[in-house]
Every structure is written in structure tokens, then in C-alpha cells.
Amino acid sequence: MFDYLIVGAGFAGSVVAERLASQLNKKVLIIDKRPHIAGNAFDHYNEEGILVHKYGPHIFHTNSKDVFDYLSNFTEWRPYEHRVLASVDGQLVPMPINLDTINKLYGLHLTTFEVDDFFKSVAEEVPEIRTSEDVVVSKVGRELYEKFFRNYTRKQWGMDPSELDKSVTSRVPVRNNRDDRYFTDTFQAMPKQGYTAMFERLLAHPNIKIMLNTDYHEILDVIPFRQMIYTGPVDEYFDFKYGKLPYRSLEFKHQTLETALHLPAAVVNYPNEHAYTRVTEFKYLTGQQHLKTSVVYEYPKAEGDPYYPVPKAENAAIYQQYKKLADRTKDVYFTGRLATYKYYNMDQVVAQALTLFKKLKEAQEEKPLVLDGVAVLSANGNGKGTFVAATLKNGIHGADKGAHTQFKEN
């Protein structure tokens, strides 16, 4: 009998599994459809011995000391600050747009103060910022919007920025200085031995068992458990009752090259040319020394593995219907990107998982022990230390039979 079945061995599932096993001594079974742990962060050595990220670049950055300190229990870090160039008008210029971007693109020699005036002169007044297009043109105007954002967004999302929620482009800053780092978070680093090695340490506790190549439906009636942590697509859990939540997917084309270094930066974006959106060279990320190098091209597509929830109001409304079902489903906890239909950075997923663990821990501490007709509060309750000699009805941890039942509505 497992205390918890955890569906999904990515960040959300693995962090909760580790906490439950190490802090509460729970027996945990974690399963995944894929043949590996680590979810989309999975990395491995390719046939040439180069460490690559199978599902595209994963750059760790966070402002949360708690999250960074927690993961530091399972990995050493390699300091790394991510830099991206964009191919625009035949030049490679820094992205996000900064002072150097403007000066190089237009052949100018502006200062920080002058570039602020430049942005103000080209920005369009938008009465109400609702869409991704509104966000950009209100900051940098129509021309830079066309050069850097519009076509990239069309490729990435399969629709125009004017159709997308403002959150999509709000994530990308515009700078008046020469800071060419893609992120400005307090903690920026990469796991020294890679993400998969970090996950192996996360899941190394003897209370954790792992099953790969496994759909959770296959084991519901075979392996007993008491509660479930679900990190898969929330619409799939409820048999698409309110329809399928739309996602954008990606196709990755990996290539090994007979040269030590290929790109001038870790990532080059292609907003306007080519069917792919960006190219990543992994040796920048990993710091690996090798005579050859490996790159990956990313091609957005409509169907395939779910990566990015499509941020439109009608999709958010559908998710809210699923959330109501999730909130009413007994002994099942929904966490992570897919289960909450929201694009989170890795550190945000870890923080969400740690918050869920805290909730589970507090619930256990407050739960009364059920005796033969007597409820005795646990140590942090209001009991006065009276000892009652009685037999627990169903054992300390609850019923001997799995509590999970698949949700069905008449």
C-alpha cells in the first residue's frame, strides 16, 4: 500500500515525492508515461557524448532563496547568465531590446537618457492594454514590434499578437542600459552535472518507487494507494468533459556539428526568417568541453506534447470549469503546469510543489486519529494528554483500501 501515487516525474511531482518521503516518511509511487524522469527538463549525453536538453533549453533562474536552497540539496551549481541574440535586418542584436540593440540596429550612438527619449518618441498611446500587441507598441512602437515580435509570435503561437493575452509579451522587458542578460534574477545557475542527475538525487529516497512508460489508468485498479498527486493535463483527468484545453507544441531537431563552437551566443532567435523560432547551442549552457558541438532547432506546431497553454480568455474560462471539478475531487491534488493550465518557470513549479507539501503536512498534523468511536486530536491539537486504550479502526494511516475514485458526474 502506497500513501501517495504521484502522476508525473517532472519538477512538480518529484519535489512533492521527495518531501513526502523524507519529511513525513510516506511511501510514494511516482509514475510517468515517458521512459525517463525529469519531465521536460530531461537531459542526456547524445551519441557523440555531448550533454543536450532533449526538450529544448532549460535555464534555471529564480529570485527565491528558499527554492534555490532547496534544490541545492540535490545539485552543485555552475554559474550561468543566459544571453540571446535576435536576427533582425541581417544583423545579430541583443534580445531583450536594450541600448546596444537600438544603437546597432539604427547606427546610432545614444546614451541611456537618449534611448529613453527614443522609446517615448516611437511608442504608441494605447488607452487600454489588453493584448500582446498592445504591450509592445505602447513600449517601443510599431516598427520594433514588427521587427522583433509580430512574426516570432505568429510562428510560436499560430496567431497574431493582437489575438493573444497581454501576458505573452509582458514577460519580455525593454531596457535603457547595456545589460544583455536575458534574465535579471538574483540566482542564475545550471545544475553542474545536469538536470537528470539532480532528479536522480531528488528521487533516491528508499520510500520512493518509480515506474516509467506507465499510464496511471493502467494501475488504478492494480496498485493500492491512499491519495494522488496529479501533475498531468487537467482536462485529460476529467475525460475532456468540457472540451480539450488548447496547447502549443514544439518539434525539436537536434544536430551535432564538426566544430567546437557554432553560435555567437547560447541562443539565436529568428523572428522573421525560417520556419523555426530559435537555435540553441548546449555547450554554452553546460560549460562542457568537447571537440564537437550540438544545437537544436525549435519548430512550433499545433499538435503534439503540450508545452504552452494558449492564453486566451475563452481558454481560461474552460479551465475554471475544470478547476471547480478538481477542487471537489476527494484525495486528489492537482499541481504543476499541466494540472493548473498555466505556464510556470521551473522555480515557480518548485515553489508550488513546496507549498502543496506544506498543506499536506499541516493537514496530517491536524487530522484526528479515529479510534473505536473516539476521536483523539494529534499533538498540535487541543488534547490534554489523556491516554485512551483503544484500537485504531483502520490503522494509523487510514483505510487499507485505496481511497481514490475516478470522478464521474451523472
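Trainee: Pro96 is in the loop between which two elements?
Mentor: This is a predicted model: local features need pLDDT of at least 70, side-chain atom pairs count only at pLDDT 80 or more, and totals for chains, interfaces and linings use all residues. Numbering runs from 1 along each chain as its sequence is written, and side-chain values use heavy atoms, leaving out hydrogens and water. Helices (H or I, at least four residues) and strands (E, at least two) are DSSP runs, numbered from the N terminus. The loop holding Pro96 lies between strand 8 (91-95) and helix 3.

Trainee: What is omega for the peptide bond from Met95 to Pro96?
Mentor: Most peptide bonds are trans. The bond from Met95 to Pro96 is cis. Its omega is near 10°.

Trainee: Which residues of helix 4 meet helix 3?
Mentor: Helix 3 packs on helix 4 (residues 112-122) at about 75°. Contact means heavy atoms within 4.5 Å. Leu99, Ile102 and Tyr106 take part from helix 3. From helix 4 come Thr112, Val115, Phe118 and Phe119.

Trainee: Where does helix 5 bend?
Mentor: Helix 5 (residues 132-157) has 26 residues, yet its end C-alpha atoms are only 12 Å apart. A straight helix would reach 38 Å, taking 1.5 Å times one less than the number of residues. The bend is the angle between axes fitted to the seven residues ending at a residue and the seven starting there. Helix 5 bends by about 120° at Gly141.

Trainee: How many of the eight residues of helix 7 are buried?
Mentor: Buried means under 20% relative accessible area, exposed over 50%, and partly exposed in between (1.4 Å probe, protein chains only). Tyr195, Thr196, Ala197, Met198, Phe199 and Leu202 are buried. Helix 7 (residues 195-202) is largely enclosed by the rest of the structure, because its buried residues number six.

Trainee: What is the phi of Asn213?
Mentor: Most residues other than glycine have a negative phi. Asn213 is exposed, at 54%. Although Asn213 is not a glycine, its phi is positive, about 50°.

Key: Axes are lines fitted to C-alpha atoms, for helices over the stretch in contact, and angles run from 0 to 180 degrees between N-to-C directions.
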